[in-house]
Amino acid sequence: MSGLLGQSLLVLRKDLLIEWRTRARLNALIFFAIATLLLFSFALGPDTVMMRKHAAGYLWLGLLFSSMLSLGESFRIESENLAMDGLKLIPVDPRAIFLGKTMGNTLLLWLLSLVLLPVTIALFDVTVTLGWPTLVGIFLVGSMAISAPGTVYAAIASHARARDVLLPLLLFPILIPALLAVVKATHLVFEGDLMDQLKSWMRLLGCFAIIYWTLGFLLFPKVLEDD
Amino acid sequence: MPLITPLLILVGVVGLLLAHAFVPSVRRWSWKAFLGIAVVMFLVQPYLALSWAPPEREMGEVQRIMYMHVPQVWMALLALTLNFCCSVAFLLKKSWVTDALAEASAEVGVYFGAVGVTLGAIWAKPTWGVYWDWDPRLTTAAIMIVIYMGYLTLRRFVEDPEKRATWSSVMGIISYVDLPVLWFSVKWWNSLHQVQSSPKTVDPDMTMVLRWSATMFLCLLSVFIIHRFRVAYAARQAEVAPPEALAPGAA
């Protein structure tokens, strides 16, 4: 397979294969995310009304914390045995590496969100008022908005000192607008959208996802340059 | 004082800035000129802002904090825009000048942004009743400061100067996404923070004092960035200099 898209899909396939063959990591990620959700309910006490109201926020915070682990991991595997150098020498277009990695991270985060959804419903007693397809769509766009800048910054942080501290430090602030939009959209799906606000929050979220994917696509080759 | 005065000074300051950018011989003394203009304007500014300008109709005397709050945030946006331009320029053509300028402008921008937001909080207490409200303008401003603090942290965490310059340029470009959102937030969401006033709707005396303060802070911003740039550029030169034994002229 050649061409940019073909190469991206090959990178994606490679990453998914690694993920599948080391399932222990995937399991750890799922348990970490569930543990985070449980911690929220323990930390905030048994006030069911409040928990139901804020469930969307807890769900996305759990996903955000888990994404730190999965994003960091997706570049740690490349630093073993100089895999990234090998990948560049094949040669794979750096933009294809970005697209493949970002698609992989999006997919992982999206699946994680689908796993966390029943847990959220059980723990926080929420109901999906606006229908499942909308919710699954919001999860997908939200995962896309986190993954694109996440992939760029994980690539940067993986080569820097104190990478585990650096990645959240760089990534959390720029994700705040997207996080705000996705939490609000998810909340509206849970609680019902009486004021017809969902569209505008989705538009904001979509804009951020598009901007981050475009910038990542354009800038990622510079990040990989001669490192 | 004629209302056009600050605009005339502003034209002079912008001219001097252009001269500083393109004429090397000007760079030796230009910062002194900026500092001098800033000091002279600062001596008059308290009189203009506290007594000469009329009090605002609704807020009264408390509104006078605007003459400090608004220009400082403008300068923060200006400095961070400079950072964005330097980041793009560095990726197009590697140069330690743009890298050092990016570092200088980000640091000074964070400083002005933090002071501007603090002054805004002081203004908010008597007018809104609270220091802080999670309204979109305040939220995006807070995000801006945290993002660029992360940017400055990244610069401290990477030892290799070339990688540091490239990566921080990438981050500078991605970070800039927040600034248009910050600027337009008051129009898009129509929230607690008022929208930008236009000279057409404001008393000309108020506009004049605001321009006066903005020009003053522009001079101060220039002094800060010029000095911070020199420090950053010297540090970069020291980092990339060849070891002493290899330096030209060594035996």
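**Briefing: a chain interface and helix geometry**

Helix H4(B) is followed by Gly129(B), whose phi is positive, near 90°. The model described here is predicted. In it, 20 residues of chain A are in contact with 19 residues of chain B.

**Helix H4(B)**
- Helix H4 of chain B comprises the 33 residues 96–128.
- At 1.5 Å a residue, H4(B) should span 48 Å, and the 46 Å between its end C-alpha atoms agrees with this.

**Contact between chains A and B**
- On the chain A side, 20 residues touch 19 residues of chain B.
- Helices H6 (132–157), H7 (163–191) and H8 (198–224) of chain A are the elements that give two or more residues to this side.
- H7(A) supplies the largest share, 7 residues.
- By class, the chain A side divides into 16 nonpolar and 4 charged residues, with no polar ones.

**Packing of H5(A) and H6(A)**
- The axes of helix H5 (residues 94–124) of chain A and H6(A) come within 8 Å and cross at roughly 140°.
- Because of that angle, H5(A) is oblique to H6(A).
- The crossing of these two helices, H5(A) and H6(A), is right-handed.
- Residues of H5(A) in this contact include Phe98(A), Lys101(A), Leu109(A) and Trp110(A).
- On H6(A), the residues they meet include Phe139(A), Leu140(A), Met144(A) and Gly150(A).
- The residues of the contact of H5(A) with H6(A) comprise 9 nonpolar, 8 polar and 1 charged.

Note on methods. Residues numbered from 1 in each chain as written. Chains lettered and ligands numbered in written order. Predicted model: local features only at pLDDT ≥ 70, side-chain atom pairs only at ≥ 80, totals over all residues. Contact = placed C-beta atoms within 7 Å. Helix = DSSP H or I, 4+ residues; strand = E, 2+ residues; numbered from the N terminus. Nonpolar A, V, L, I, M, F, W, Y, C, P; charged D, E, K, R; others polar. Axes fitted to C-alpha atoms, helices over the stretch in contact; angles between N-to-C directions. Parallel < 35°, antiparallel > 145°, perpendicular 65-115°, else oblique. Left-handed = near helix turned anticlockwise from the far one by under 90°. Expected span 1.5 Å × (residues − 1).
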